[in-house]
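Here is a short briefing on one protein model. Keep the sequence and the 3D view open as you read.

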Amino acid sequence: MSITGQLLIGQSSVQGTNAEIWSINAATGEKLPPAFAGATPDDLEHACALADAAFDTYRETSLNDRAVFLETIAKHILALGDELIERCMTETGLPRGRIEGERARTIGQLSLFASVVRDGGFIDARIDSALPQRTPLPRADIRLRKVAIGPVAVFGACNFPLAFSVAGGDTASALAAGCPVIVKAHSAHPGTSELVGQAIQKSVRDCNLPAGVFSLIYDCGLTIGQTLVADHRIKAVGFTGSRSGGVALMNIAAAREEPIPVYAEMSAINPVVLLPQALTERGTDIARDFIGSLTLSAGQFCTNPGLVLAIDSPALAAFERAASVAIGSVTAATMLTPSIHTSYCEGVERLSSHPSVELLGKGQAGGLFQGQAALFATTATAFMAHTTLREEVFGSSSLIVRCPDESTLLEVLKSLEGQLSIAVHVSNNDHPALGRLLPTLEKKAGRVLLNGFGTGVEVCHAMVHGGPFPATSDTRTTAVGSLAIHRFLRPVTYQDFPQHLLPPTLQDHNSYGISRRVNGVIQPS
Ligand code: NAP
């Protein structure tokens, strides 16, 4: 396949006629041919009409057909081979190993959702049989299943050009639920987006699905993306990116005549709590691993450890010294886009020039568009007093907050906004303190982990990559893992229906053989 710069609207490749968009070499800032062009309102109208027309057929595809579709996408992405890897490396500045790993993750995610679809448990089928003899009132025959919500708009992430972009977690979970998807490509990697989009387009064709199951559009400003969210045929939005972008789309969705859910994953600083015994026993090792996590992929992870909380002590001082030494040898790395690099430098400068913040160490200086790692420290009093110290600095910068005692550390935790993850480093003697902190940790984050770091989010059934605002816009869900499918489903009850008019998953003869809750008791598949 080759990159054409064209929009993918259903099964058509269309030359956009709005303003030009250029893909940029992240390392040099040079334009990469070909030029892309933004979608027009007519292009968007076409994509929405096709998605709407595809919905009824696609949502009732058999579980096996839908699973095969997801597996076919995975196969076609793999078949893109090195062309995809090299384009993605050039557009993002991320190294080959990282991009290959991300491709494996993307394929794994599609396979996971294929198995979730085949299993059928996500339908949450429930049957409460009629009780005609019940007194004082008889009960009707009441059956429930979850159905696809409708066409979904997806805004992919800049920092996961494969696993959270065109065929990433939001798209995979929406397609698994039975929803057509329109992706607004991220401007940071349009060529990568087109290649992956072509793989999905081909999969739609191979699986004989309606053309409107998938479209990919580019936006030369913000208007087309915003119009997409406002379109009455779109029924939900998946978004990963900045707080300001996510909130802008949430506001548009809420102001519609028919408001719709926006599942936005936005901003987090992912605190790391170092409890005293762990610091004393393993402070140097934790410091080394912390710097490794902080500087992975130039710190451009939503789960990057941007905040460290600990009780001031000689052990914390030793940790700070070890972390300062470790960060000193970290080489600078190319950031995803020149504008993300600029924002990072501004964030580091904001901390450097803050009167209550001490610079503990910096990584090696780099070239154009390369982020230099930075580690800072402050007091709990200053941290509580200055809200700017809590703002995410997207990149490899972190702030250590020295707390005088455990109760102050707890107060600092309570003062934080919602987080994707909180990591706590403990030894056995720290367990009582962990028990005291846990109720607060649970309220603040979607994932609490021990003796590790939030970077590296396993794609599995028990994962939550979510959390209270502003980590996400909806604290009840996750963007990673099989539970993500429920964002794009809604329950429907069928009361007193004849068997032949019920969907197969709710008929007495359970032809798909799925697990169901019948009269309150789960009947396995
Ligand atoms: P972004 O600027 O919010 O962009 C995300 C997507 O939304 C892009 O497609 C962007 O369009 C679009 N967009 C942004 N604002 C919009 C608006 N007001 N109306 C309509 N569309 C809008 O985020 P980003 O560039 O991917 O990353 C920048 C920041 O996001 C980082 O500094 C970091 O703080 C945060 N981030 C968080 C996570 C996380 O998982 N929590 C992950 C990645 C990034 P364009 O393509 O035209 O820009």
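Helices and strands are runs assigned by DSSP, and they are numbered from the N terminus. With that numbering, Thr505 sits in the loop between β21 and β22 (516-518). The model is predicted.

**A buried loop residue**
- Is Thr505 buried or exposed? Thr505 counts as buried because its relative accessibility is 3%, and buried means under 20%.
- Leaving aside residues up to four places away in sequence, Thr505 touches Ile123, Ala125, Arg145, Tyr512, Ile514 and Arg516.

- Helix α4 covers residues 96-119, which makes 24 residues.
- From its first C-alpha to its last, α4 reaches 35 Å. That is close to the 34 Å expected at 1.5 Å a residue.
- Just after α4 comes Gly120, with a positive phi of about 80°.
- Helix α13 spans residues 406-415. Its buried residues are Thr408, Leu409, Leu410, Val412 and Leu413.
- An α-helix has 3.6 residues a turn, so residues three or four places apart point the same way.
- What do the buried residues of α13 pack against? Their partners are the strands β12 (271-274), β13 (307-311), β18 and β19 (419-425), and the helices α12 (380-385) and α14 (431-444).

**Nonpolar cores**
- The largest nonpolar core has 139 residues.
- Within this core, Phe69, Ile200, Leu228, Val273, Leu413 and Phe488 touch the most other members.
- Which element gives the largest share of this core? It is α4, with 8 residues.
- Ile200 touches Phe69, Ile73, Val166, Ala167 and Phe214, again not counting residues up to four places away in sequence.
- A second, separate core holds 25 residues. Among them are Phe290, Val308, Leu316 and Phe453.

**Cavities**
- Rolling a probe the size of a water molecule over the atoms shows where empty space is left.
- How many cavities of 30 Å³ or more does the structure hold? There are 2.
- The largest cavity has about 140 Å³ of space. Its lining has 16 residues, and Ile269, Gly306, Glu391, Val393 and Ser397 lie nearest its centre.
- Strand β18 (residues 397-403) gives the largest share of that lining, 3 residues.
- By class, the lining of the largest cavity has 8 nonpolar, 6 polar and 2 charged residues.
- The second largest cavity has about 70 Å³ of space. Of its 15 lining residues, Tyr263, Ala264, Thr472, Ala479 and Arg487 lie nearest the centre.
- Two or more residues of this lining come from each of β10 (236-240) and β11. The largest share, 3 residues, is from β11.
- The lining of the second largest cavity divides into 4 nonpolar, 7 polar and 4 charged residues.

**A pocket**
- The second largest pocket has a volume of about 260 Å³.
- It is lined by 19 residues. Pro261, Tyr263, Asp474, Arg476 and Thr477 lie nearest its centre.
- Which elements each supply at least two residues of this pocket's lining? They are α8 (243-255), β11 (262-265) and β21 (489-495).
- The pocket lining has 10 nonpolar, 4 polar and 5 charged residues.
- Tyr263 is named in the lining of the second largest pocket and in that of the second largest cavity.

Technical notes. Residues numbered from 1 in each chain as written. Predicted model: local features only at pLDDT ≥ 70, side-chain atom pairs only at ≥ 80, totals over all residues. Heavy atoms only, no water. 1 Å grid on protein atoms, 1.4 Å probe; cavity = no way out; pocket = protein on both sides within 12 Å on 5 of 7 lines; lining within 4 Å. Points joined across faces, edges and corners; volume = space filled by probe spheres on them. Helix = DSSP H or I, 4+ residues; strand = E, 2+ residues; numbered from the N terminus. Nonpolar A, V, L, I, M, F, W, Y, C, P; charged D, E, K, R; others polar. Expected span 1.5 Å × (residues − 1). Core = buried A, V, L, I, M, F, W, Y, C linked by side-chain atoms within 4.5 Å. Buried < 20%, exposed > 50% of the residue type's maximum accessible area, 1.4 Å probe, protein only. Contact = heavy atoms within 4.5 Å.
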